[in-house]
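I set out to record, step by step, what I looked up in one protein structure. My entries begin with the whole chain and then turn to single residues.

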Amino acid sequence: MTLTLPEKILQAASELFYSQGIRATGVDAIVKAANTTKMSLYKYFPSKDDLVLAFLRKRDEDFRVWFAGQVDAKADTPKTKLLAIFDVIGEWMAIPEFRGCAFINAAAEFPLEGNPVHQVSAEFYEHFRSYIADLAGQYGSKSPETLALQLSLLIEGAIVSEQMKRHSGAAGQAKQAAIILIEGSSSHIPDISLPTNDSRRSDE
């Protein structure tokens, strides 16, 4: 499939923003990678900030579709899907191109909460937690939102740990912690039958 010029520019910028960092990537580098001119870039993206926001929004959209598809391919019940999240995260973190989470990285580069880049990054994790909360609700969690926040924190921590030290095993450790949280959050009550009078007498 042939990319349009705006798509080529966005693709080139996305690869550089993720691998090199947003602030470290200049317009000249993007123009060179996209084999275009500054005039063409600014025709479609009036400023670098516009290009950064386009990068994050496209990554948000693509990642959510890809991620849900990967989880669905690995599991078919709410509980197993909650656990499969950690398997998918682990496989993603194992690829050579892994440079952490683009949204965590962007929020760190633009730390002010009122900054549009920071806001878009925060929105990604709001969507991600809603996805987990939906699965948690289907599973029967006593507090889906709380479980979603807890699991999201495990995932974010694992991502940062793996970014700081490759092959850290962080995803596997996070999954073990997740099992405890998921099972502890269940509202399912075990079916434990009380002994009958006859059975009690037979034991005496």
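The entries below follow the order in which I looked things up.

**Entry 1: Ground rules.** I noted that this is a predicted model, in which local features need pLDDT of at least 70 and side-chain atom pairs count only at pLDDT 80 or more, while totals for chains, interfaces and linings use all residues. Residues are numbered from 1 along each chain as its sequence is written, and side-chain values use heavy atoms, with hydrogens and water left out.

**Entry 2: Secondary structure.** I looked up the helices and strands, which are DSSP runs numbered from the N terminus (helices: H or I, at least four residues; strands: E, at least two). The protein has 10 helices and zero strands. Its pattern along the sequence is therefore written α-α-α-α-α-α-α-α-α-α.

**Entry 3: Overall form.** Why is the protein described as more spread out than a compact globule? I found a radius of gyration of 23 Å, well over the 17 Å that the globule rule gives for 204 residues. The radius is taken over C-alpha atoms, and the rule is 2.2 Å times the number of residues to the power 0.38. Along its principal axes, the C-alpha trace spans about 90 × 40 × 30 Å.

**Entry 4: Surface and burial.** I recorded an accessible surface of about 11900 Å², of which 55% belongs to carbon and sulfur atoms. Such areas come from the Shrake-Rupley method with a 1.4 Å probe, and for residues only the protein chains shown count as cover. Of the 204 residues, 38% count as buried. Buried means under 20% relative accessible area, exposed means over 50%, and partly exposed lies in between (1.4 Å probe, protein chains only).

Entry 5: A contact means heavy atoms within 4.5 Å. Among the contacts with a separation of 6 or more, 64% are accounted for by residues 24 or more positions apart. I then read the domain assignment, whose bounds come from an automatic or database source: domain 1 covers 1-46 and domain 2 covers 52-184. The C-alpha centres of domain 1 and domain 2 lie 27 Å apart. Their contact takes nine residues from domain 1 and 14 residues from domain 2.

**Entry 6: Helix H7.** I looked up two residues here. Ser 121 lies in helix H7 (residues 116-139). Is Ser 121 buried or exposed? Ser 121 is buried, with a relative accessible area of 2%. Leaving aside neighbours within four places in sequence, Ser 121 is in contact with Leu 56, Phe 103, Ala 106 and Ala 107. His 118 is also placed in helix H7, and at 17% relative accessibility His 118 counts as buried. Not counting residues up to four places away in sequence, His 118 touches Ala 107, Phe 110, Pro 111, Leu 112 and Glu 113.

**Entry 7: Two loop residues.** Asn 35 has a positive phi of about 55° although it is not a glycine. I found Asn 35 in the loop between helix H2 (27-34) and helix H3 (38-44), where it counts as exposed at 72% relative accessibility. His 167 has a positive phi of about 60°, and it is not a glycine either. Its loop runs between helix H8 (144-164) and helix H9 (170-185), and His 167 counts as exposed at 71% relative accessibility.

**Entry 8: A glycine pair.** Gly 90 sits in helix H5 (residues 78-93) and is partly exposed, with a relative accessible area of 22%. How far apart are Gly 90 and Gly 172? They are 82 residues apart in sequence and 7.3 Å apart in space, C-alpha to C-alpha.
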